[in-house]
There are 2 protein chains.
Amino acid sequence: MRTDIDYAYELDAADPLAHFRERFVIADPDLIYMDGNSLGRLPRASIDVAADLVQRQWGERLIRGWNEGWWAASERIGAKIARLIGAQPDEVIVADSTSVNLFKLAVAALRARPDRTAIITDDLNFPSDLYILQGIADLLGSRHRIEVVPSPDGIHGPEETIKARLSGDTALLTLSHVVFKSGFLYDMAAITAAAHQAGALTLWDLSHSVGSVPVDLNGAGADLAIGCTYKYLNGGPGSPAFLYVRRDLQEQLFNPISGWWSQGRPFDFGLDYQPVSGMRRFLSGTQPLLSTALIEPAVDMLLQAGIDALRAKSQRQTAYLVALWEALLAPLGFTLNSPRDPSRRGSHISLGHAEGLRIDLALINEMNVLPDFRAPDNIRLGIAPLYTSFADIHETIRRLAEVVTNKLYKKYDRAPEVT
Amino acid sequence: MRTDIDYAYELDAADPLAHFRERFVIADPDLIYMDGNSLGRLPRASIDVAADLVQRQWGERLIRGWNEGWWAASERIGAKIARLIGAQPDEVIVADSTSVNLFKLAVAALRARPDRTAIITDDLNFPSDLYILQGIADLLGSRHRIEVVPSPDGIHGPEETIKARLSGDTALLTLSHVVFKSGFLYDMAAITAAAHQAGALTLWDLSHSVGSVPVDLNGAGADLAIGCTYKYLNGGPGSPAFLYVRRDLQEQLFNPISGWWSQGRPFDFGLDYQPVSGMRRFLSGTQPLLSTALIEPAVDMLLQAGIDALRAKSQRQTAYLVALWEALLAPLGFTLNSPRDPSRRGSHISLGHAEGLRIDLALINEMNVLPDFRAPDNIRLGIAPLYTSFADIHETIRRLAEVVTNKLYKKYDRAPEVT
């Protein structure tokens with residue numbers, strides 16, 4: 001494969017989605033942003049949405065805003081996200097954080113399988129998901145055991161082992177659809193089918209797949225899902241998460257955090273909790289409207305681009321990155337910590353290196369590239385097909401090679417603490 | 001007392017806090033906004049904060065924002081709120097919704113009193129608080145009973161009955177410091193002392209007192225508290241709530257929603273949950289930064305005004321409103337559904353009327369007043385001492401009288417549904 005920059009420009013020129021990049025704020029043209037899988041870029045449209053929300057809706061309409069779109073925002077935006085993940089509009093709602101939503105749905109699932117004691121997950125799952133499960137097991141009297149199935153190589157999900165572990169005692173199987181470190185993509189349909197054969201419920205964390213990988217929750221018959229909106233959905237820092245409950249399960253499951261937004265007629269202010277029907281049942285308290293509203297502009301763009309076109313571009317781009325790694329970085333000691341098969345990975349690529357953390361720091365501070373880093377040595381490069389260009393990828397690899405070739409990482413000897 | 005508008009203008013002219021009103025957006029000078037106890041007005045400074053957050057921090061700084069203030073925002077703003085509620089800076093943190101925070105702290109409290117089965121509250125508490133308690137009791141195996149002590153008159157809190165009900169079996173006493181409907185203000189110190197004498201923990205909901213009534217959590221020895229930021233703290237629609245845990249309890253209590261923001265070293269991505277020390281232990285997932293950051297401007301103003309000066313003005317204003325009610329509205333069939341004693345009420349006044357809902361609708365649609373309405377017949381008038389003027393209060397009463405005198409409510413015959 002050609003490794004020259006002109007080839008990257010040719011690929012960009014032939015990219016049918018390239019024009020979407022102009023709809024994002026690119027303040028520093030020299031900065032290469034490879035962290036859209038952690039915090040998506042700012043859509044230009046979101047600037048006006050934020051200003052309207054603050055100045056007109058809040059400032060002028062005041063409390064009337066609740067009847068003029070705020071109350072409905074969680075459902076309205078959820079219905080749009082549903083189209084990205086193969087769900088019905090009334091199966092998805094936006095609320096709270098991914099961790100809080102996992103808590104709500106995992107507790108609900110375990111209570112729907114009262115005679116079963118096993119929760120199955122893997123060691124590639126996002127740690128917060130494991131912490132939440134541990135907290136739940138503790139809360140429910142340590143009646144449940146959490147089986148953390150190990151990955152064979154730290155890269156690929158242990159699909160066959162998971163299937164073999166499923167049994168009549170499995171209450172819940174919960175996995176990240178695309179795993180945060182390596183980018184491995186689970187076969188949702190096959191795993192869900194196996195779980196259902198054992199009578200277990202499934203809960204998928206879509207944080208790293210929604211918006212970059214086609215998800216077909218209905219097609220897979222998935223029971224429950226949660227996901228993040230500040231990565232490929234570009235909702236802004238800490239924008240609320242979403243949750244999905246298959247329609248026929250909505251009446252069977254109960255939200256343990258039974259606040260007034262899940263109450264049948266909340267403005268009657270009755271003293272007894274009467275859960276509403278439908279997805280609002282899985283809300284709890286008042287939702288942060290500013291952070292919620294900013295999810296919508298990029299979701300609209302993703303729907304306009306089409307998830308299949310986004311996936312096609314993302315696969316071309318991860319393949320391009322892997323080819324450049326092989327040609328230019330493997331000789332410098334970088335390993336590929338993501339699946340080689342493009343059909344088994346999401347939209348980010350992890351590269352390992354013995355000097356990974358120092359290289360990451362040099363890349364940020366000397367080369368104006370913003371990648372992501374995941375301990376112990378993963379430089380995680382996120383490709384957001386709405387705005388990442390082939391030239392971005394080429395330049396990232398070139399600058400990475402320069403950091404190592406010119407030993408620019410030598411001056412960095414420790415990680416800055418997050419403060 | 002004088003009921004002419006000139007007297008209102010004289011009171012405004014003599015008000016040392018009057019100048020703060022200019023620091024809020026007042027888009028329609030004819031609109032009388034009496035719902036700052038439900039959604040506070042937009043501070044002018046928040047327009048720039050929002051624009052900077054979206055355009056510079058998110059748009060330009062991108063993921064670096066987390067190290068440049070976002071990660072610290074929950075604690076930084078919590079420390080400021082602490083100064084309004086008599087707490088130490090490291091005892092308060094901003095996160096999630098009031099309902100989610102109540103869930104976390106009530107579960108933690110019940111688990112800290114494992115041999116006790118009673119939760120005491122009252123029927124004036126905000127219904128969401130009761131729903132959350134009901135959900136918890138159900139989740140924990142119906143081992144707990146919730147004693148909802150009734151108010152003697154629907155206005156005043158049943159303080160003496162609550163004290164009499166406390167026993168060696170009481171795990172938790174939880175009340176709204178100022179109750180949402182009548183505005184009754186509990187004696188936090190006396191109630192907390194009685195609870196402690198029985199060995200129970202206390203959890204105060206400060207949603208309707210923070211920012212308008214002096215709160216002295218440390219002085220009262222209060223154990224736990226939660227509160228809302230979109231009322232008197234003017235954080236914007238659905239801005240995240242706050243929670244308080246007395247310092248010596250922080251290490252003894254465990255957050256049941258044990259997500260990664262409560263993990264000791266979250267960016268090590270270890271697989272086992274190790275709760276951090278301090279208030280971060282009571283966080284769960286990623287916080288909505290845009291909605292969080294907008295809490296700060298008005299909290300700064302409140303601190304500048306001083307909570308004692310705010311309380312003094314608020315008491316003068318509720319007394320003025322009650323005097324106008326007595327002179328002008330009582331003859332028209334309005335009842336006072338708030339305590340008459342200014343020292344036993346917060347900053348809103350509820351007026352009842354047999355035609356309450358229709359009057360409310362006419363007030364909004366015909367008279368350009370935005371009050372609040374709480375079923376079955378309460379017109380709730382919120383006074384936000386940072387920006388409510390005496391003229392606002394006078395004009396509200398005048399327009400209310402006009403609605404009834406001219407029977408303007410007759411054309412309204414049903415409530416619009418919140419959609």
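Predicted model: local features only at pLDDT ≥ 70, side-chain atom pairs only at ≥ 80, totals over all residues.
Two strands are said to pair if DSSP finds at least two bridges between them, and strands (E, at least two residues) and helices (H or I, at least four) are DSSP runs numbered from the N terminus. Within this pair, V92(A) stands opposite Y244(A) of β8(A). In a regular strand the side chains alternate between the two faces of the sheet. Strand β2 of chain A (residues 92–95) is covered on both faces, with V92(A) and V94(A) buried on one side and I93(A) and A95(A) buried on the other. Here, buried denotes a residue with 20 or more other C-beta atoms within 10 Å of its own, exposed one with 12 or fewer, and partly exposed anything in between, with C-beta atoms placed from the backbone.

Residues are numbered from 1 along each chain as its sequence is written, while chains are lettered from A and ligands numbered from 1 in the order in which they are written. Local features need pLDDT of at least 70 and side-chain atom pairs count only at pLDDT 80 or more, whereas totals for chains, interfaces and linings use all residues.

Turning to the whole chain, chain A holds 13 helices and 13 strands. The radius of gyration of chain A, taken over C-alpha atoms, is 22 Å, close to the 22 Å given for 419 residues by the globule rule, so chain A is as compact as a globular protein of that length. That rule is 2.2 Å times the number of residues to the power 0.38. Of the 419 residues in chain A, 58% are buried.

Because 10 of the 13 residues are buried, α5(A) is largely enclosed by the rest of the structure. Among these buried residues are L130(A), Y131(A), I132(A) and L133(A). Their cover includes α4 (98–112), β3 (118–122) and β4 (145–149) of chain A. Just after α5(A), G141(A) takes a positive phi of about 90°.

Chain A is divided into domain 1 (5–44 + 306–411) and domain 2 (69–303), with bounds that come from an automatic or database domain assignment. Between the two domains of chain A, 29 residues of domain 1 are in contact with 24 residues of domain 2, contact meaning C-beta atoms, placed from the backbone, within 7 Å. On the domain 1 side of chain A, the largest share, five residues, comes from α11(A).

The two chains also meet, with 73 residues of chain B in contact with 73 residues of chain A. On the chain B side, α2(B) gives the largest share, nine residues.

Elsewhere in chain B, four strands form an open antiparallel sheet in the order β9-β10-β13-β12. Its edge strands, each pairing on one side only, are β9 (335–336) and β12 (372–374) of chain B. β9(B) pairs with β10(B) (residues 348–352) over two bridges in the antiparallel sense, and L336(B) has L351(B) in β10(B) as its bridge partner.
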